[in-house]
Amino acid sequence: MTALTPVLSAHWDEEDSFTMAGYKRHGGYKAAAKALKMEPDAVIQLVKDSGLRGRGGAGFPTGMKWGFIPQGDNKDHYLVVNADESEPGTCKDMPLLLANPHVLVEGIIIASYAIRAKYAFIYIRGEVAHVARRLQQAIEDAYAAGYLGKNVFKSGQDLELVLHVGAGAYICGEETALLDSLEGYRGQPRLRPPFPAIAGLYARPTVVNNVESISSVPAIIANGPEWFSAMGTEKSKGMTLYSLSGHVANPGQFEAPLGITLREILELAGGVREGHQLKFWTPGGSSTPIFTADQLDTPLDYEGVAAAGSMLGTKALQIFDETTCVVRAVLRWTEFYKHESCGKCTPCREGTWWLVQILRDLENGKGTAADLDKLLDLCENILGRSFCALGDGATSSISSSIKHFRDEYIAHVTNAGCPFDSHASTLFASAKAGA
Amino acid sequence: MAYSEQELSVMDSIIARYPRSRSAIMPLLHYVQSLAGFVTNEGIEEISAKLSITTAEVSAVATFYTQYKRKPMGEYHVGVCTNTLCAIMGGDEILEGLKEHLGLENDGVTADGKVSLEHLECNAACDYAPVVMANWEFYDNQTVQSAKDLVDSMRAGKPIPPTRGPNVLPTWKENSAVLAGLNDGHANEGVQAGAPSLLGLRLSKKGSKK
């Protein structure tokens, strides 16, 4: 049985965990002071040695990303933290920032120093006022303490940190769309190359990292790269936040070493809700192909999930039991992608629209068996044909659900509509059954 | 109605945060929304003048992002998450219940101007599903009845406070100012974390004590 390893979440149970005093009680900002006495390149090397990989979905090695920033180029460098957490099912960064915004600020100070950035931004989604409030206060408190602004930690280095609040666009979680949005344009992805490390914000070298990635840095500096890499698996090092939601007895956040399995997490969480069985689940949000009970023992690390045919993504474990209609679930996700497609690339803009029409027909009993092949054909023509991965993500749940649940799709045709009772899936239904 | 000196100086301070002025367009849109309750033509013209870009360029940004409204919203803007997980856990029934209770369609506003209603996409609180947001504050683990009670409390002028948020639910305008990056002094109110956020930590502590 894999033991949980609360690091980022270690002090969330203290009432003032989000304040400067609460953060400093457990050694807060000591890692930044330590890092600023090191050579910047040594900080990058230390993060490389730890094996930390991006926690926003792609899993790119964080230290390597920092190392791509050209040095001695006499250009401004920027650090941008992606706090636009919007992938359906993903709910780790918001509780982290609500409970401990200072760990992100400290990580930003360290990362900015390493990549020689004098300006950093946090791009946070706009639909979370209280999280924005907590971050704004943490930034102001860090300025007042001399950790941000001129001559931070009396190191001779300057660092400005700006909280930038989005306004409701999933696409801005894609790093190049985020940069366009931050520059004051509609959030639409850019063609790469050039990558942000060469031409990012204002066409200057830029690192874009996820909240959890940057927040993991202070503990790595404080405890050393060996401490971090002792957790996890061969190529997926360290601890991470797994977010369990849906038809389970107890949903919530679980900080564990990479490689823990859903079976282990479910055991800790008290299993699927009483009287029901697991039907399907996502390992890392709605853009990752769905799994069934057959993957309960798949190690939830980058390699393990990929080998089983999906992606670790954001580690958003959304659990659905046998009361759930898979066509309804997939239709709703597809409507989301259609709505959030920025419209720049034709395969995604037009393709997601057609996917919705066909899925709607199926769910409403107007579909035919041939529609399944049409769906798969459309998916093939969307996958890999646009600037960014939004369209790719739209195809994941469709292709994987047809693979696992073709019979259920067919049942919608033969039954001339959805055979499920949607009320049975609600939390209210289970509360009544339990009463 | 022209903007006051004080309002114009807030706009200047927002622009001063950024290395390049155009980056201030989003907080400026949040700010003009906080003054009128929505993004007015006047607001677009002022931003255009401040940033030396055309009104068409400002409008292009304002209409891309769903949180900027081009017509007045309710004093309390209620959003029900109907993305897959929340919808299945009860969000669809909550939205239908509220539509019927308030006599509104999606994006509608009650005649008294108190409540507006919108269906939302995932709001990053899936372990608290089904989730309702009001003026972008969290209302966790909602039922059809609790959501109806919430909007009733708004119409009575005494909104039920958020589950994880400030002690008193701010108005739509007040919270638009928070999104513009203006500190309203309420950061220290409310819980640091709800029970689901703490579940893993509590189990870990229980396990290590054994």
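Among contacts in chain B between residues at least 6 apart in sequence, what percentage join residues at least 24 apart?

Mentor: The percentage is 61%: that share of the contacts in chain B between residues at least 6 apart in sequence joins residues at least 24 apart. Please bear in mind throughout that this is a predicted model.

I shall begin with the overall form of the chain. Chain B has 210 residues, and 53% of them count as buried. Along the principal axes, the C-alpha atoms of chain B fill a box of roughly 65 × 45 × 30 Å. Its secondary structure amounts to eight helices and four strands, and their order along the sequence is α-α-α-α-β-α-β-β-β-α-α-α. The domain assignment divides chain B into domain 1, residues 5-62, and domain 2, residues 76-170. The centres of these two domains, taken over C-alpha atoms, are separated by 29 Å.

Helix packing may be considered next. Two packed helices are described by the angle between their axes and by the distance between the axes. In chain B, helix α2 (residues 25-36) packs with helix α7 (residues 172-179) at an angle of about 160°, and their axes are 7 Å apart. Since an angle over 145 degrees counts as roughly antiparallel, α2(B) and α7(B) are therefore roughly antiparallel to each other. Their crossing is left-handed. On the side of α2(B), the contact is made by B:H30, B:Y31, B:Q33 and B:S34, and on the side of α7(B) by B:K173, B:S176, B:A177 and B:L179. Sorted by class, this contact of α2(B) with α7(B) comprises three nonpolar, four polar and one charged residues.

A second pair is formed by helix α5 (residues 84-102) and helix α6 (residues 144-155) of chain B, which pack at an angle of about 40° with their axes 9 Å apart. From α5(B) the contact takes B:E93, B:I94, B:G97, B:L98, B:H101 and B:L102, and from α6(B) it takes B:V144, B:A147, B:K148 and B:V151. By class, the residues of the contact of α5(B) with α6(B) are six nonpolar, two polar and two charged.

The loops of chain B deserve attention for their backbone geometry. B:D107 is not a glycine, yet it has a positive phi of about 75°. This residue is located in the loop between α5 and β2 of chain B. Because B:D107 has 12 C-beta neighbours inside 10 Å, it counts as exposed; the cut-off for that class is 12 or fewer. Further along, B:P130 is placed in the loop between β2 (115-120) and β3 (132-134) of chain B. The peptide bond that joins B:A129 and B:P130 is cis, and its omega is about -5°. B:N135, in turn, lies in the loop between β3 and β4 (137-139) of chain B. It is likewise a residue other than glycine with a positive phi, near 50°. B:N135 has 26 other C-beta atoms within 10 Å and is therefore buried, as the cut-off for a buried residue is 20 or more.

Finally, the setting of chain B includes its contact with chain A, in which 66 residues of chain B meet 71 residues of chain A. Several elements of chain A each supply at least two residues of the side that touches chain B, including α5 (93-99), β3 (160-165), β8 (316-321) and α15 (326-340). The element that gives the most to this side of chain A is α7(A), with eight residues. By class, the side of chain A that touches chain B has 34 nonpolar, 26 polar and eleven charged residues.

Methods
Residues are numbered from 1 along each chain as its sequence is written. Chains are lettered from A and ligands numbered from 1 in the order in which they are written. This is a predicted model: local features need pLDDT of at least 70, side-chain atom pairs count only at pLDDT 80 or more; totals for chains, interfaces and linings use all residues. Two residues are in contact if their C-beta atoms, placed from the backbone, lie within 7 Å. Ala, Val, Leu, Ile, Met, Phe, Trp, Tyr, Cys and Pro count as nonpolar, Asp, Glu, Lys and Arg as charged, and the others, Gly among them, as polar. Axes are lines fitted to C-alpha atoms, for helices over the stretch in contact, and angles run from 0 to 180 degrees between N-to-C directions. Angles under 35 degrees count as roughly parallel, over 145 as roughly antiparallel, 65 to 115 as roughly perpendicular and the rest as oblique. A crossing is left-handed if the near helix is turned anticlockwise from the far one by less than a right angle, and right-handed if clockwise. Domain bounds come from an automatic or database domain assignment.
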